[in-house]
Amino acid sequence: MQGTDRRKIVLVGTGMVGMSYAFALLNQNLCDELVLIDINQKKAEGEAMDLNHGVAFSGGNMEIYAGKYADCKDADLVVLTAGLPQKEGQTRLELLKENRKIFQSILTPILENGFQGIFLVATNPVDIMAKIVYEISGFPPERVIGTGTALDTARLRYLLGEKFQIDPRNMHAYVMGEHGDSEFVPWSQAMMSTKLIFDLCSETEGCHFQELLEVEEEVRMAAYRIIEAKKATYYGIGMAMARITKAIFGNEHSVITVSALLQGEYGEKEVFIGIPCVVNRRGIGRIIELNLGAEEKQRLHLSCETLEKTFRELS
């Protein structure tokens with residue numbers, strides 16, 4: 001990366017997800033230079049202009065402009081949100097073949113221009129798109145990060161916070177696995193502060209494990225419900241991407257459930273999947289191995305198998 005003096009991001013894709021992320025960057029003053037690239041150059045120029053008109057209200061002096069792939073040369077972070085959106089009734093995995101072609105056309109000029117930073121991938125199906133970036137780029141695995149289940153985990157903590165009337169930031173629970181239908185919550189590891197969620201539930205009137213499973217299902221179906229209501233999801237994922245960016249630039253060593261390459265952890269190999277990771281200036285500092293129960297390990301294995309099967313079909 002360039003160093004701590006100037007934080008430069010190139011964002012490829014100025015759709016709703018990309019621009020929700022850009023808006024979050026501006027509001028949180030998370031970088032010094034933001035370059036917007038889109039197949040529609042005029043749209044990228046318009047988005048840059050619109051954002052620039054808000055700089056005076058922000059906490060910093062961010063330089064924002066529409067650029068070209070040559071701008072990737074000295075970028076710290078290239079963020080990929082380009083691709084076709086998920087349609088109503090369409091699974092994330094059905095998007096794959098169309099979006100792989102788009103990524104090939106994007107990655108070639110990025111790499112030809114000498115980019116040496118970190119890739120952050122948000123395009124769905126994100127776990128497989130992250131692996132595609134990893135394989136095409138030849139980058140070390142710690143420098144390719146998918147947004148994984150970061151947003152799903154935030155949804156889970158929000159719902160648990162509502163249920164138990166606790167600040168979501170004090171609910172320590174994760175969604176793991178594919179960012180999609182096979183994701184799951186390892187409830188054995190879920191806590192409020194340092195109190196097991198099972199103990200909290202047993203002390204809460206009317207709370208049963210079935211209700212926790214209903215919360216898990218609500219998290220799993222959240223994207224489908226939002227898409228049904230408003231055709232797309234973008235604010236939540238934009239905020240999740242901003243959170244990952246903050247952890248990278250701040251060298252925070254924060255634990256976030258991003259999509260990372262398993263290399264023997266949890267007994268799985270060569271699959272990108274949503275897993276608790278330490279995120280810092282290197283990208284993925286390390287993968288955290290939770291002490292999962294037998295059933296939870298099996299659910300993670302099945303989620304890995306789902307992704308591996310799809311990737312094999314693609315190959």
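On a 1 Å grid over the protein atoms alone, a cavity is a set of points where a 1.4 Å probe fits but cannot get out, and lining residues have an atom within 4 Å of a point. Grid points are joined across faces, edges and corners, and a volume is the space filled by probe spheres set on the points.

**Ground rules.** I am working with a predicted model, where local features need pLDDT of at least 70, side-chain atom pairs count only at pLDDT 80 or more, and totals for chains, interfaces and linings use all residues. I number residues from 1 along each chain as its sequence is written, and side-chain values use heavy atoms, with hydrogens and water left out.

**Entry: cavities.** I searched the whole structure and found 1 cavity of 30 Å³ or more. The largest cavity holds about 50 Å³ of space. I listed its lining as Asp127, Ile128, Lys131, Glu270, Val271, Phe272, Leu307, Glu308 and Phe311. Helix H4 (126-137), strand S11 (269-280) and helix H9 (294-314) each give two or more residues to that lining; helices (H or I, at least four residues) and strands (E, at least two) are DSSP runs, numbered from the N terminus. I sorted the lining into 5 nonpolar, no polar and 4 charged residues, where Ala, Val, Leu, Ile, Met, Phe, Trp, Tyr, Cys and Pro count as nonpolar, Asp, Glu, Lys and Arg as charged, and the others, Gly among them, as polar.

**Entry: rings.** Next I looked for aromatic pairs and found 6 in the whole structure. Rings of Phe, Tyr and Trp (its six-membered ring) pair if their centres lie within 6.5 Å; planes under 30 degrees apart count as stacked, over 60 as edge-to-face and the rest as tilted. Phenylalanine 115 and phenylalanine 139 are stacked, because their ring centres are 5.9 Å apart and their planes at 25°. I noted that both of these phenylalanines are buried (under 20% relative accessible area; exposed is over 50%, partly exposed in between; 1.4 Å probe, protein chains only). Tyrosine 234 and tyrosine 235 make an edge-to-face pair, with centres 4.8 Å apart and planes at 75°. Tyrosine 234 counts as buried at 14% relative accessibility, whereas tyrosine 235 counts as exposed at 56%.

**Entry: charges over rings.** I then checked for charges over rings (NZ of Lys or CZ of Arg within 6 Å of the ring centre and within 35 degrees of the ring normal). Arginine 143 lies over the face of phenylalanine 139, 4.3 Å from the ring centre. The charged end of lysine 230 sits over the ring of tyrosine 234, at 3.9 Å from its centre.

Notes
1 Å grid on protein atoms, 1.4 Å probe; cavity = no way out; pocket = protein on both sides within 12 Å on 5 of 7 lines; lining within 4 Å.
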